[in-house]
Every structure is written in structure tokens, then in C-alpha cells.
Amino acid sequence: MAAIARALTIAGSDSGGGAGIQADLKTFQELGVYGMTALTAVTAQNTLGVQGIYPMSVEAVQQQMDAIGEDIGTDAVKTGMLFNSDIIRGVSEKLVQYRWDKVVVDPVMIAKGGSVLLLEEAVRALRDILLPLSLVVTPNVPEAELIAGISIQGLDGRKEAARIIADLGARHVVMKGGHDESNPDEVIDLLFDGRDFYEFCGPRFVTRHTHGTGCTFAAAVTAELAKGRTVVQAVELAKAFIQAAIAEPLRLGQGHGPTNHWAYRKQHGFAHPTHESGAGE
Ligand SMILES: Nc1ncnc2c1ncn2[C@@H]1O[C@H](COP(=O)(O)OP(=O)(O)OP(=O)(O)O)[C@@H](O)[C@H]1O
Ligand SMILES: Cc1ncc(COP(=O)(O)O)c(N)n1
């Protein structure tokens, strides 16, 4: 066992720093986990939207995963923006090769301003190849509708979608509630483990500063899994982390601003539970 829990994020870069690889690394750091990256695409992006997308080659993505698999290793993996089916296939192949089984799949599809972060041709590969390799998948409502192939209304609709997505091979499904406005006061994130449902409730904040909420939430789940927590514990902590990050906005930019990755530590203190000082050669 390494002296510190390790997590790898396989995702796109957000130049504005609120979502993607940047949100993931900030979250890992705040939760005391050593973060590593495999970049799938560079985006030119800010709080107003996405101005450009430059995908990496499959070889480049796989080589980054090899660099980690052959040396440092990882305790958990998160996937975010994967952009096309070739990258999804390449990533899936490496997950199997290195037997990385604590895999959190955030099925990123569309950015807030409407830009496509996953091509339509790739939805099938995500559903048929990557989902069965996941320990946890974290769709929002529109993503779940596309994956499950149904239209979702309210909590019951989200439960039905969770069952369908679990049948596709995901071992745990977190149906995020940010887009489910059937409840104007609360956001309920729903976890399904193939048998039981767990509800994680919190206040619904009225704010435009929600850029990167999905990435940050999934990264927090990944960090806690890397430390050895159960999926239920990891989702509970991630809910508290994202709630704090939305509640105290940084008020950056003219559009959908980033969340505040420091807020949770400000409220709860910094824990570095797996770090042993003096370890190593
Ligand atoms: N207005 C809000 N108030 C409180 N929590 C929220 C709010 N919006 C989102 N969340 C929380 O943020 C996380 C991400 O939720 P959401 O359903 O919005 O995902 P997402 O659509 O992937 O994110 P994004 O909208 O940034 O793409 C969830 O844990 C959800 O509970
Ligand atoms: C590179 C990149 N990855 C993901 C998202 C989605 O972000 P969100 O967490 O808001 O769904 C994004 N806007 N950019």
C-alpha cells in the first residue's frame, strides 16, 4: 500500500479551471489524495462557454495511462470528457489491462452552454463498453435519459433510469438531482446499488456559479474510494463537498462561474488520513 491514496483522472482540460481535469485535481488535493492525469482533449473554455475543442490521439491517451500503470499505480480512476468512441475504446482497454476496478465514470456529454463534449457516435461505446467496467456511474438527468433511452420525470423517473443503467452493467448508479427541478427547495442525489436506493438530500442553492459541479462531485467520490471508503460513504462525503463548494461561490467570470473547492476544507479542516510522513526512499 502506498503512503498516500492515489487517484487518476482521465478527462479534458478546462482552461477556465472550473471543470474537467482542473476541477478533479483541485478536489483530489483538497481531500488529501495524490492526483494524476491522462488528458483526452484540450478545451478553450471559460465561464461563458467553450470556444474550442482539440481532442488527443488515442495513442497519446493510452500512453499517459501506461505511464501511470507501469510506475506509480493508482487506487481509483475517474473518467470525464472522453469526446469520441475511439478514445472510449482505448481507455477501456487500458482499464482492463491494468485491472483498475475502482472506476468512477462521469458520463460527460454536453457543457452548460450547449457545446458537445461527447460526439453522438460515442454514446453507444460509452454505454456498451465503458459502463460495464465502472464501479460507479454519475449521470445527470439528460445524460441518464440518453443512456437509458427513456424520458425522466421526477424521482420515480430517475429510479426507473437507475435500474436500466444498472442492468447495463454499472455496479452503482448515482442519479444526480441538479437538473430535477420537480423539487424547488432540495437537490436529492439518488444512489442505486442494484438492490437498494439511498437518498442524499441537501438544499437547492439559487446561483449561476455551478460550472464544474458534476466533475467536482465525481472527483470527490473517486478520492474517497481511493482512500478505501465504501461507495455509500464516498457519495455522502462528495455530496457534502459539492454542497460547500456551491454554497460559497468565488464569483469569478461573467457567466457560469466555478465552484469553490476550498470551502469544504474551510468548514471541516484538512484531513490527510493516509499520509505517513517519512515514507519512501
Ligand atoms: N443548485 C444546486 N444546489 C445544490 N446542489 C446542487 C445544485 N446544482 C447541482 N448540485 C449538486 O451538484 C452535483 C452535480 O449535479 P448536477 O445534476 O447539476 O450534475 P451535472 O449536470 O453533471 O453538473 P453540471 O450541471 O455542472 O454539468 C450534484 O451532487 C448535485 O446535488
Ligand atoms: C473539459 C470539461 N469537462 C467536463 C465539463 C462538464 O462540466 P460539469 O462538471 O459542469 O458537467 C466541461 N465543461 N469541460
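**Overall fold and ligand surroundings**

Strand 1 (6-14), strand 2 (34-46) and helix 7 each contribute at least two residues to the shell around ligand 2. In this predicted model, that shell comprises 19 residues, of which the closest to ligand 2 are G12, A19, G20, G214 and C215. The greatest contribution to the shell around ligand 2 is made by strand 1, which supplies 4 residues. Classified by type, the residues around ligand 2 comprise 7 nonpolar, 10 polar and 2 charged.

Ligand 1 is surrounded by 20 residues, with N140, K176, G178, T213 and G214 the closest. Two or more residues of this shell are given by each of strand 8 (186-192), helix 7 (213-226) and helix 8 (231-247). Helix 8 accounts for the largest share of the shell around ligand 1, namely 4 residues. In the shell around ligand 1, 10 residues are polar, 5 are nonpolar and 5 are charged.

With regard to the chain as a whole, the secondary structure consists of 9 helices and 9 strands. The radius of gyration of the chain is 17 Å, close to the 19 Å given by the globule rule for 281 residues, and the chain is therefore as compact as a globular protein of that length. Along the principal axes, the C-alpha atoms occupy a box of roughly 55 × 40 × 40 Å. Of the 281 residues in the chain, 52% are buried. Among contacts with a separation of 6 or more, 69% are formed by residues 24 or more positions apart.

Key. Residues are numbered from 1 along each chain as its sequence is written. Chains are lettered from A and ligands numbered from 1 in the order in which they are written. This is a predicted model: local features need pLDDT of at least 70, side-chain atom pairs count only at pLDDT 80 or more; totals for chains, interfaces and linings use all residues. A residue is near a molecule or strand if its C-beta atom, placed from the backbone, lies within 6 Å of it. Ala, Val, Leu, Ile, Met, Phe, Trp, Tyr, Cys and Pro count as nonpolar, Asp, Glu, Lys and Arg as charged, and the others, Gly among them, as polar. The radius of gyration is taken over C-alpha atoms; the globule rule is 2.2 Å times the number of residues to the power 0.38. A residue is buried if 20 or more other C-beta atoms lie within 10 Å of its own, exposed if 12 or fewer, and partly exposed in between; C-beta atoms are placed from the backbone. Two residues are in contact if their C-beta atoms, placed from the backbone, lie within 7 Å.
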